[in-house]
Amino acid sequence: MKQIVISSDGDRFVYAVPDPVAEHLDEYCLAFCDWMVESPHGAPYRVGGGLCYREADFITYLNTWVFPHQPSHLVENLGWIDFGDPLPPQYTGCPEFNF
């Protein structure tokens with residue numbers, strides 16, 4: 001398990017995720033977006049002609065559909081950090097994604 005930092009225009013969250021997710025975070029996040037649009041299981045996220053979700057929904061997707069035997073989990077809520085501002089030193093270099 002490796003750590004990532006994800007957000008949805010709010011607080012930033014550190015999650016421990018399976019290594020492939022951290023190593024290819026952009027690809028997994030974009031696959032999640034495609035899944036919400038294309039899969040019947042993504043229907044709850046389709047609201048008013050758009051998508052409504054947050055970073056925790058991505059983790060649920062990983063735990064339910066992609067890595068059910070290697071569940072991701074929350075490590076820490078970092079709170080609000082302006083984009084462009086540095087992360088706490090222990091998370092510098094972690095892959096990041098903002099939904």
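Q: Let's start with charge. How far apart are the mean positions of the positive and negative charges?
A: They are 4 Å apart in the protein chain, which has 4 positive and 14 negative charges. Keep in mind that this is a predicted model.

Q: OK. How many helices and strands are there?
A: The protein chain has 3 helices and 6 strands.

Q: And in what order do the elements run from the N terminus on?
A: The order is β-β-α-α-β-β-α-β-β.

Q: What about overall size? What is the radius of gyration, and what would a compact globule have?
A: The protein chain has 13 Å. A compact globule with 99 residues would be near 13 Å, so the two agree.

Q: What box do the C-alpha atoms fill?
A: Roughly 40 × 30 × 20 Å, taken along the principal axes.

Q: How much of the chain is buried?
A: Buried residues make up 41% of the 99 residues.

Q: And the accessible surface, what does that come to?
A: About 5500 Å² for the protein chain. Carbon and sulfur atoms account for 53% of that surface.

Q: What share of the contacts joins residues at least 24 apart?
A: 61%, counted among contacts between residues at least 6 apart in sequence.

Q: Now the strands. What does β1 pair with?
A: Two strands. β1, residues 2-7, pairs with β2, residues 12-17, in the antiparallel sense over 6 bridges. β1 also pairs with β6, residues 96-98, in the parallel sense over 3 bridges.

Q: Take V5 then. Which residues are its bridge partners?
A: In β2, the partner of V5 is V14. In β6, the partner of V5 is E96.

Q: And which residue in β2 is the bridge partner of Q3?
A: That is A16.

Q: How many residues sit between the strands in the hairpin of β1 and β2?
A: There are 4. D9 has its place in that loop between β1 and β2.

Q: Is D9 buried or exposed?
A: D9 is exposed, with a relative accessible area of 56%. The cut-off for exposed is over 50%.

Q: Back to β2. How many of its residues are buried?
A: 6 of the 6, so β2 is largely enclosed by the rest of the structure.

Q: Which residues lie on each side?
A: R12, V14 and A16 are on one side. F13, Y15 and V17 are on the other. Both faces of β2 are covered.

Q: Which way do β2 and β5 run, parallel or antiparallel?
A: They run antiparallel, joined by 5 bridges.

Q: Zoom in on F13. What does it touch?
A: Not counting residues up to four places away in sequence, F13 touches I4, V5, I6, E55, L74, E76 and N77. F13 lies in β2 and is buried, with a relative accessible area of 13%.

Q: How far is F13 from V75?
A: Their C-alpha atoms are separated by 7.6 Å. Along the chain, F13 and V75 are 62 residues apart.

Q: L74 came up there. Where does L74 lie?
A: In strand β5, which covers residues 73-79. L74 counts as partly exposed, at 45% relative accessibility.

Q: Which residues is L74 in contact with?
A: F13, V14 and Y15, leaving aside neighbours within four places in sequence. The C-alpha atoms of L74 and A16 are separated by 6.5 Å. Along the chain, L74 and A16 are 58 residues apart.

Q: Last stop, C94. Where is C94?
A: C94 lies in the loop between β5 and β6.

Q: Buried or exposed?
A: C94 counts as buried, at 15% relative accessibility. The cut-off for buried is under 20%.

Q: And what does C94 touch?
A: Q3, I4 and V5, not counting residues up to four places away in sequence.

Q: How far apart are C94 and Q70 in space?
A: 19 Å, C-alpha to C-alpha. In sequence, C94 and Q70 are 24 residues apart.

Note on methods:
Residues are numbered from 1 along each chain as its sequence is written. This is a predicted model: local features need pLDDT of at least 70, side-chain atom pairs count only at pLDDT 80 or more; totals for chains, interfaces and linings use all residues. Side-chain values use heavy atoms; hydrogens and water are left out. The radius of gyration is taken over C-alpha atoms; the globule rule is 2.2 Å times the number of residues to the power 0.38. Buried means under 20% relative accessible area, exposed over 50%, partly exposed in between (1.4 Å probe, protein chains only). Contact means heavy atoms within 4.5 Å. Accessible areas come from the Shrake-Rupley method with a 1.4 Å probe; for residues, only the protein chains shown count as cover. Lys and Arg count as positive and Asp and Glu as negative; His and the chain ends are not counted. The place of a charge is taken as NZ of Lys, CZ of Arg, CG of Asp or CD of Glu. Two strands pair if DSSP finds at least two bridges between them.
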